[in-house]
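Biologist: I have a model open and would like to learn how to read its features one by one. Could you walk me through it?

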Amino acid sequence: MAYEKPITVKEAITSIQNQEFILPAIQREFVWNTRQIELLFDSILRDYPISTFLFWKVKAEDVEKFKFYRFLSFYHQRDKKHNDPAELSGEKDRYAILDGQQRLTSLYIGLKGSYAYKLNRYNWKSDHAFPKRQLYINLMKESDDTDLHYDLRFLSEDELIAFQENHSKKFHWFKMNRILEFEDFPDIFKYISDHGLMDTSRFSHDQTKFASDTLSKIFQYFNQKELINFYRRSPA
């Protein structure tokens, strides 16, 4: 096995989208819940290590010899728990993930997809029991949860509306997938300005500083830092 040059989370997400990163048939299905995904994102922003990955390089001429699957991006506890088969041609080499599927799928769902799990008060047959949730971070303050430093939550549209109506000064929910659209630090300051987060008549100095610092850290850790460390298993 060879140790490869690390890549950014953003680069990994692009490779997953392009089916350059794929899953071999031997991998189990995705099993992490939203809490585990939130903890992973919090760990990254706190500069904790997320362990090394193991990739298997599959040469273009060998791709059709094996069964591969796409990464899951839109998880639904009732209707979408299974990975779709990958649609591959033998035109380029691929990387099959041997160790790190749960972490990479969690990053993909958090930054590109959604997670729908059942609400307790509904029947399993009801479509209303599974609202689509996407990952957000509160730019106004730290989490009240002792296990999290950052207030990261999978929220539905109804929950977002409720926060906006009842807690407008305590929360500003930034959808995590938007960070992939940012090209440089001026995009951060534009977002803060466009959303009034520097308005001292509405927010305290501590809140505006926390918003700026947190958004800058998200950009740095997911777009710039080479956090995905991996070993490459050579082709057979």
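Modeller: Gladly, and keep in mind that this is a predicted model. Let us begin with a helix pair: Phe 185, Ile 188, Phe 189, Tyr 191 and Ile 192 in H5 meet Ala 211, Ser 212, Leu 215, Ser 216, Phe 219 and Gln 224 in H6.

Biologist: At roughly what angle do the axes of H5 and H6 cross, and is the crossing left-handed or right-handed?

Modeller: The axes of helix H5 (residues 185–194) and helix H6 (residues 205–224) cross at roughly 145° and come within 10 Å. The crossing is right-handed.

Biologist: Now the sheet. What is its strand order?

Modeller: Read across the open sheet of six strands and you get E1-E11-E3-E6-E2-E4, with mixed pairing. Strands E1 (2–3) and E4 (68–69) are the edges, each pairing on one side only.

Biologist: In which sense do E1 and E11 pair?

Modeller: E1 pairs with E11 (residues 230–233) in the antiparallel sense, over two bridges.

Biologist: Which strands does helix H3 lie across?

Modeller: Helix H3 (residues 101–112) lies across E2 (21–24), E3 (53–58) and E6 (94–99), and runs at about 115° to E6.

Biologist: Let us turn to single residues. Is His 172 buried or exposed?

Modeller: The general idea is to compare the relative accessible area with a cut-off: buried means under 20%. His 172 has 15%, so it is buried. His 172 sits in the loop between helix H4 (157–166) and strand E10 (173–175). Leaving aside residues up to four places away in sequence, His 172 touches Ile 137, Asn 138, Leu 139, Met 140, Tyr 191, His 195 and Leu 197. Tyr 191 also belongs to the H5 side of the helix contact.

Biologist: And Asp 158, buried or exposed?

Modeller: Exposed means over 50%. Asp 158, in helix H4, is exposed because its relative accessible area is 62%. The C-alpha atoms of Asp 158 and Pro 131 are separated by 8.9 Å, while the two residues are 27 residues apart along the chain.

Biologist: What about backbone angles: what is the phi of Asp 47, and of Ser 51?

Modeller: Asp 47 has a positive phi of about 65° although it is not a glycine, and Ser 51, also not a glycine, has a positive phi of about 70°. Asp 47 lies in the loop between helix H2 (34–45) and E3, and Ser 51 is likewise placed between H2 and E3. Asp 47 is partly exposed at 45% relative accessibility, whereas Ser 51 counts as exposed at 52%.

Key. Residues are numbered from 1 along each chain as its sequence is written. This is a predicted model: local features need pLDDT of at least 70, side-chain atom pairs count only at pLDDT 80 or more; totals for chains, interfaces and linings use all residues. Side-chain values use heavy atoms; hydrogens and water are left out. Helices (H or I, at least four residues) and strands (E, at least two) are DSSP runs, numbered from the N terminus. Buried means under 20% relative accessible area, exposed over 50%, partly exposed in between (1.4 Å probe, protein chains only). Contact means heavy atoms within 4.5 Å. Axes are lines fitted to C-alpha atoms, for helices over the stretch in contact, and angles run from 0 to 180 degrees between N-to-C directions. A crossing is left-handed if the near helix is turned anticlockwise from the far one by less than a right angle, and right-handed if clockwise. Two strands pair if DSSP finds at least two bridges between them.
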